[in-house]
There are 2 protein chains.
Amino acid sequence: MNRPAANRVKRIEGVLSPVITPFGKDYAPDAKRFVAHCRWLLRSGCAGLAVFGTNSEANSMSVAEKRTLLEALVAGGVEPSALMPGTGHCALSDSIELTRAAVQMGCAGVLMLPPFYYKGVTDEGLYRNFAEIIERVGDERLQLYLYHIPPVSQVAITLNLIEKLLSKYPGIVAGVKDSSGDWANTKAMLDAFAKGGFDVFAGSETFLLDNMRNGGKGCITATGNINPGPIANVYKNWRTADADKLQAGITATRKIVQKQPMIPALKSAVAHFGNDPQWKTVRPPLVELNAKQEEELIKELKAAGFTMPGLA
Amino acid sequence: MNRPAANRVKRIEGVLSPVITPFGKDYAPDAKRFVAHCRWLLRSGCAGLAVFGTNSEANSMSVAEKRTLLEALVAGGVEPSALMPGTGHCALSDSIELTRAAVQMGCAGVLMLPPFYYKGVTDEGLYRNFAEIIERVGDERLQLYLYHIPPVSQVAITLNLIEKLLSKYPGIVAGVKDSSGDWANTKAMLDAFAKGGFDVFAGSETFLLDNMRNGGKGCITATGNINPGPIANVYKNWRTADADKLQAGITATRKIVQKQPMIPALKSAVAHFGNDPQWKTVRPPLVELNAKQEEELIKELKAAGFTMPGLA
């Protein structure tokens, strides 16, 4: 389990989108719109797709629903080597089931939340959770990215936990997405582990340039769902003289979007610029933007010259 | 859906235990020990079993694992009329699946967490979640108890939400378990809704007597797993002159147990007094008590004259 595996898929670097999930009027996941959006994202600059993330409303879906969508993606022509599905659940058995499915389908990696129902749990308990999943999946192709998002999960991935996991499962434990929103924390992860082959992804494009300049590998960002081209452009040009200016541009777009509740805002943008109102549906407990929020969002995006080329 | 249903099971009143779940060395749920513990609880004074609660590590188990345990209980001779399983998940589809199964098995009710991954959600979003579950289960036998436990779920069941649900689904929305730990909140729920046939259960026996004196229907309490007889005795005698003294006794036992992490402490107590060390196993991300914690727990329980009659 611990040795480098020749048959592992090449690690993804660059910009990944935590793909929003379209639902029908009956709240059923809509595989057709999902595949179409994923294909547009890959055409538009995304290096990979972190499907089933927070922005995907993944935790509002069952394991079976996620497996079905994953199969639809591959059947729809998306290469598993571009996929890093979220597979962490609060139930150990659910995490094992979806992780195993993802590895068997050849996904490049999985992005794993800690179990998030119980609060105040110890690093030892979290270590046991991840270790048990790795052992039970029992497949040396597994590349596991830890998902640190304390504002939502309320359960953190500490440096101490990463160290312990890396020491037992080098190669398998491949990196982290840091959605703490705290650059000092991302920097600490980079300083401690990046040189050892641990891939740090910023959880927002706001930190993309800083992350690249400090040894990171890219970002996995909500706004990647609607602004993949310009964000990928920062990644591509981070060593150039234009980098700071390019970064300022994508940060400005981010600021417009995050004035509104993020997930319904992304869906409203896709609905508007893709001419497809059904995209606005969110699963409870989320609610769509109200008319005023939507109007403000679209107006400000248009005023900033925002477009989604090739979407509609 | 909204009219009183003659075929609804009689509502449970009294003391319910959120039953701890035994696991094997491989973390698999152990149906045999589970049925035995449930039968002991019902013999020992529990009016009902709130299986799959927070103390059951329910959110560390998949829907399939919970269905299997529920079927084992009924096959093992536990009447569904004594069952109020927890069926609320963060995924809408999971909540629908397990709620439907519980109703079809004839369970007296279900105890439902709000979806707990996304934070800062609105009452409107939570209303849609519960309404969608009720409509999709589509069975007038359903009796739904809302589960308010903000210290863990971080998502609250507000008075406003209860009012909105009660007005649309009277009879189906049957009550609440208040695990806020805040008596003022329980009192507000009692004052607002108890007279209209909304059954309020305290989330700890600490508030049992106060709850009964203010129109409540009992309690659903962690410590009910190990101290069901004395707690049920307070319920039975709450109108008597002895009530305050009896309440002081169960509160004292509670205080000993809650010095330790609650779930592993309950399991250690059952392991010790039932002579069955396998009971100590918890699923990650929880960890069992360390030797010192366990020694302190058992020593203090013994010093207080605590016993678990008929367990071993």
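**Figure 1. Buried residues of helix 9 in chain A of a predicted model.** Helix 9 of chain A covers residues 228-236. Helices are DSSP runs of H or I with at least four residues, strands are runs of E with at least two, and both are numbered from the N terminus. Within helix 9 of chain A, Pro228(A), Ile231(A), Ala232(A) and Val234(A) are buried; buried stands for under 20% relative accessible area, exposed for over 50% and partly exposed for values in between, with a 1.4 Å probe and protein chains only. Seen down the helix axis, the buried residues of helix 9 of chain A fall within an arc of 150 degrees, so they line one face of the helix. The arc is taken from the directions between the helix axis and the C-beta atoms. These buried residues pack against strand 1 (14-17), helix 1 (31-43), helix 8 (208-213), strand 7 (218-220) and helix 10 (243-257) of chain A, where contact means heavy atoms within 4.5 Å.

**Figure 2. The open sheet of chain B.** Seven strands of chain B form this sheet in the order 2-1-7-6-5-4-3, with parallel pairing. Strand 2 (48-49) and strand 3 (110-112) of chain B stand at the edges with a single partner strand each, so one side of each has no neighbour in the sheet. Two strands count as paired if DSSP finds at least two bridges between them. Strand 3 of chain B runs parallel to strand 4 (residues 144-148) of chain B, and three bridges join them. Met112(B) has Leu146(B) in strand 4 of chain B as its bridge partner.

**Figure 3. Residues of chain B with positive phi.** Gln154(B) is not a glycine, yet its phi is positive, at about 65 degrees. Gln154(B) sits in the loop between helix 5 (150-153) and helix 6 (159-168) of chain B, and its relative accessibility of 34% makes it partly exposed. Asn275(B), also not a glycine, has a positive phi near 55 degrees. The loop between helix 11 and helix 12 of chain B holds Asn275(B), which is exposed at 66% relative accessibility.

Figure 4. Pro285(A) lies in the loop between helix 11 (262-273) and helix 12 (291-303) of chain A.

**Figure 5. The interface of chain A and chain B.** Here 43 residues of chain A are in contact with 43 residues of chain B. The buried area is about 3400 Å², 61% of it from carbon and sulfur atoms; this is the accessible area (1.4 Å probe) that two parts lose on being put together, summed over both. Tyr117(A), Tyr118(A) and Pro285(A) supply 24% of the area that chain A buries against chain B, more than any other three residues. Two salt bridges cross the interface, a salt bridge being a side-chain nitrogen of Lys or Arg within 4 Å of a carboxyl oxygen of Asp or Glu. In a salt bridge, the side chains of Arg128(A) and Glu288(B) meet at 2.9 Å, N to O. Helix 4 of chain A gives the most to the side of chain A that touches chain B, with seven residues.

**Notes.** Residues are numbered from 1 along each chain as its sequence is written, and chains are lettered from A and ligands numbered from 1 in the order in which they are written. In this predicted model, local features need pLDDT of at least 70, side-chain atom pairs count only at pLDDT 80 or more, and totals for chains, interfaces and linings use all residues, while side-chain values use heavy atoms, with hydrogens and water left out.
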